[in-house]
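Subject: Structure handover

Hello,

Here is the structure I said I would pass on. Please look it over alongside the notes that follow.

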Amino acid sequence: MRQESAETIPVSMREGSALSWTLSDGVIELALHRAPCNELGSASLEELEKFVTALTLMEAEAHGLIIYSEMKPGFCAGADLRELYQRSQAMEKIQAAKGVRDFLERIHRVLNLIDATPLTTSAAVHGVTFGGGFELALTCDLIIADKMARFCFPELRLGLIPGFGGIPRLKRDLGNAVVRDLLLTGRSVNAAKAQQIGLVSQVVGEGEALRAARATAAQLKKFDRATAAAAKKFIKPIPHEELRREIDLFCELFARPAVEAGLRKFVESTDAQPYLP
């Protein structure tokens, strides 16, 4: 990777260790590329914060945003649980709880800004789209999935709930029966089922999600940008109050011994991590 100072890199192009973005022909593309499957930890969050700062500057030149993954296993496996566990062990419980709340508030700010951008946004997903990765996809207006994509909230296995805004956004977009099933069972759903329940707007062939998202973005260019932004604001309110309550509940649950035990089991396991339930 070419090394340049932040000041010399155009806001429309940035390459980091976890993600990169470009702006071309009115479409911003945010590529996730942190091995093994774009786990969201402190490094990814710092780069996402830089991205949303740049996003506000690029919005005047763009009409669309596409988020996709360059990693073979999938879109995103969720939060970096190893980092979360290591931090919890390295600090006093009060400090660890404060650190978790700070992290959640920061990532909520990032995801809320992506959710609220006037641009029409698409998540082009494949493979694993779990936990925090699922929550990132839910910030987008459209989810375009290849046929191998799977969606899941596995957090209850750790004694937690999704903490990056997933529950309020899923409730906004789908019926409560679907939300309860995904949240309380921890089961994954495939792309076909996700389209059937209204989660996914398009299902395409394996490896074709990004191509389809680019074709959709080209179609969007035909329409008046201000009209599209007004329509989006009307039909896609941000559930701010429920998002704040989600942070409070996550932090309350995080303090329980069952969570520490669940994280320890995950971190210390020598089994291969298949991601899929």
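**Cavity**

Ala18, Leu19, Leu32, Arg34, Asn38, Glu39, Leu40, Ser44, Leu48 and Leu136 line the largest cavity. Its volume comes to about 60 Å³. The structure has 1 cavity of 30 Å³ or more.

**Confidence**

Please keep in mind that this is a predicted model. The average pLDDT of the protein chain is 91, and 94% of the residues reach at least 70. Residues 1–8 are a stretch to treat separately: pLDDT stays under 50 there, and the model gives them 5 contacts beyond four places in sequence.

**Salt bridges**

Searching the whole structure gives 16 salt bridges.

Asp248 and Arg101 are joined through their side chains, with 3.0 Å from N to O.

Lys236 pairs with Asp141, and their closest N and O atoms are 2.7 Å apart. Lys236 sits in the loop between α9 (225–235) and α10, while Asp141 sits in the loop between α4 (131–138) and β8 (142–146), so the pair ties together parts 95 residues apart in sequence. Here the two partners fall into separate classes of accessibility: Lys236 is buried, with a relative accessible area of 12%, whereas Asp141 is partly exposed, with 26%.

Arg187 makes a salt bridge with Asp181, where the closest N and O atoms are 2.6 Å apart. Arg187 is partly exposed at 48% relative accessibility, and Asp181 is partly exposed as well, at 32%.

Lys236 and Asp141 also belong to a network of salt bridges, together with Asp115, Arg169, Arg172, Asp173 and Lys232.

**Helix α5**

Arg169, a member of that network, is also one of the buried residues of helix α5 (residues 166–173). Which elements cover the buried residues of α5? The cover includes α3, α4, α6 (176–185) and α10.

**Cysteines**

How many disulfides does a search of the whole structure find? The count is 0. For Cys76, the closest cysteine sulfur is that of Cys37, and at 6.4 Å the separation is too far for a bond. Cys76 is buried, at 0% relative accessibility. Cys251 is in no disulfide either, as its nearest cysteine sulfur, in Cys76, is 20 Å away. Cys251 is likewise buried, with a relative accessible area of 13%.

**Points to look at in the viewer**

- The residues lining the largest cavity, including Leu19 and Leu136.
- Residues 1–8, where pLDDT stays under 50.

Regards

How values were computed
Residues are numbered from 1 along each chain as its sequence is written. This is a predicted model: local features need pLDDT of at least 70, side-chain atom pairs count only at pLDDT 80 or more; totals for chains, interfaces and linings use all residues. Side-chain values use heavy atoms; hydrogens and water are left out. pLDDT is the predictor's confidence in each residue, from 0 to 100. Contact means heavy atoms within 4.5 Å. A salt bridge is a side-chain nitrogen of Lys or Arg within 4 Å of a carboxyl oxygen of Asp or Glu. Helices (H or I, at least four residues) and strands (E, at least two) are DSSP runs, numbered from the N terminus. Buried means under 20% relative accessible area, exposed over 50%, partly exposed in between (1.4 Å probe, protein chains only). A disulfide is a pair of cysteine sulfur atoms within 2.5 Å. On a 1 Å grid over the protein atoms alone, a cavity is a set of points where a 1.4 Å probe fits but cannot get out, and a pocket is an open set with protein on both sides within 12 Å along at least five of seven lines; lining residues have an atom within 4 Å of a point. Grid points are joined across faces, edges and corners, and a volume is the space filled by probe spheres set on the points.
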